[in-house]
Amino acid sequence: MSFIEGVRIALGAIRANVLRSFLTLLGNIIATGAILSVTAIINGLNYYVAENLSNFGPNVFVIQRIGLITNEDDWLDAFRRNRRLKPEDARAVERSCDKAEVVAMEVHTTEDVRRGSEEVHDVDIGGIEPAITDIEPYEVADGRTISEEENARAAAVCFIGNDIVTNLFATVDPVGKSLRIGGRGFQVVGAAKQKGSVFGFSRDNYVKIPFTTM
């Protein structure tokens, strides 16, 4: 059979079964489009996570009491089994791991933050050792981050995210101003550049204070 004869027979079959041919073609288009779309979404999410979500580099290790667990029973089991981490644990890691360039601690809680009549709810309050900013870098927009001296004396100072700047200070320079966290006054020493949101959750709704103060 010649090529032209084959094409003629194929076109004749299509004309004889228009609906079936259309549905077959539509199914192939949808299947191919779905595969390409899923692949594109996965690659896009991988890139987005790498660029925007992961502040840690490939040589950073995070030690925490409970890992990423979505099952309630597993979480409760880990909560009962894993003891609380303490500052001496971090210092033991620092002494024992010769290859570790920096070891630092961070602990979190959630509080409302106020300034005058303005208030931001459910703010992530991070108590950090200053070296955390070397491990998990924060780009400074104004002022500076928390110093070793301030951590040593448990100073009432803070480094704030862009949401706090926007909602509490508006167009006012926040550096040197005061705010209240859980009823206690803190002086702002610096403000971070905006990170934006991920899946509708803001990455700028935070305040960092010295670990010893926390």
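Q: Hi! How many salt bridges does a search of the whole structure find?
A: Hello! The search finds 9 salt bridges. Keep in mind that this is a predicted model.

Q: Okay, take Glu-106. Which residue does Glu-106 form a salt bridge with?
A: The partner is Lys-208, and the closest N and O atoms of the two are 2.8 Å apart. This pair links distant parts of the chain, with Glu-106 in strand β1 (residues 106–115) and Lys-208 in strand β9, 102 residues apart.

Q: And Lys-208, is that one buried or exposed?
A: Lys-208 is buried, since its relative accessible area is 3%, under the 20% cut-off. Glu-106 comes out as partly exposed, with 25%.

Q: What about Lys-193, which residue does it form a salt bridge with?
A: That would be Glu-139, with 3.8 Å between the closest N and O atoms. Here too the pair links distant parts of the chain, 54 residues apart: Lys-193 sits in the loop between β6 (184–192) and β7 (197–198), and Glu-139 in the loop between α5 (132–135) and β3 (140–143). Lys-193 is partly exposed at 43% relative accessibility, whereas Glu-139 is exposed at 56%.

Q: Which residue pairs up with Arg-144 in a salt bridge?
A: Glu-150 does, and their closest N and O atoms are 2.6 Å apart. Arg-144 is partly exposed, with a relative accessible area of 37%, while Glu-150 is buried, with 4%.

Q: Which residues are linked in a network of salt bridges?
A: Arg-91, Glu-94 and Glu-129 are linked that way.

Q: Switching to the nonpolar side: how many residues has the largest nonpolar core?
A: It has 17 residues, and those with the most contacts inside it include Val-113, Cys-158, Ile-160 and Val-207. Several elements supply at least two residues each, among them β2 (118–128), β4 (157–160) and β9.

Q: Which element gives the most to this core?
A: Helix α7 does, with 4 residues.

Q: Let's zoom in on Val-113. What does it touch, not counting residues up to four places away in sequence?
A: Quite a list, including Val-120, Val-123, Ile-125, Ile-164, Leu-168, Leu-179 and Ile-181. There is also a second, separate core of 10 residues, which includes Ile-128, Ile-132, Phe-159 and Ala-192.

Q: Back to Val-113, which residue in β5 does it stand opposite?
A: Val-113 stands opposite Ile-181. The strands β1 and β5 run antiparallel and are joined by 2 bridges.

Q: And how many bridges do β5 and β6 pair over?
A: They pair over 4 bridges, in the antiparallel sense. Within that pairing, Leu-179 stands opposite Phe-186 in β6. The hairpin of these two strands has 2 residues between them, and Gly-182 there takes a positive phi near 55°.

Q: Which residues of β5 are on its covered face?
A: Leu-179 and Ile-181 are on the covered face, with Ser-178 and Arg-180 on the uncovered one. In a regular strand, side chains alternate between the two faces of the sheet.

Q: Last one, Phe-211. Where is its place?
A: Phe-211 lies in the segment after β9 (206–210). Phe-211 counts as buried because its relative accessible area is 19%, under the 20% cut-off.

Q: What is Phe-211 in contact with, leaving aside its neighbours within four places in sequence?
A: Its contacts include Pro-87, Met-105, Glu-106, Val-107 and Ile-128. By contrast, Ala-10 is 201 residues from Phe-211 along the chain, and their C-alpha atoms are separated by 75 Å.

Notes:
Residues are numbered from 1 along each chain as its sequence is written. This is a predicted model: local features need pLDDT of at least 70, side-chain atom pairs count only at pLDDT 80 or more; totals for chains, interfaces and linings use all residues. Side-chain values use heavy atoms; hydrogens and water are left out. Buried means under 20% relative accessible area, exposed over 50%, partly exposed in between (1.4 Å probe, protein chains only). Contact means heavy atoms within 4.5 Å. A salt bridge is a side-chain nitrogen of Lys or Arg within 4 Å of a carboxyl oxygen of Asp or Glu. A nonpolar core is a set of buried Ala, Val, Leu, Ile, Met, Phe, Trp, Tyr and Cys residues joined through side-chain atoms within 4.5 Å. Two strands pair if DSSP finds at least two bridges between them.
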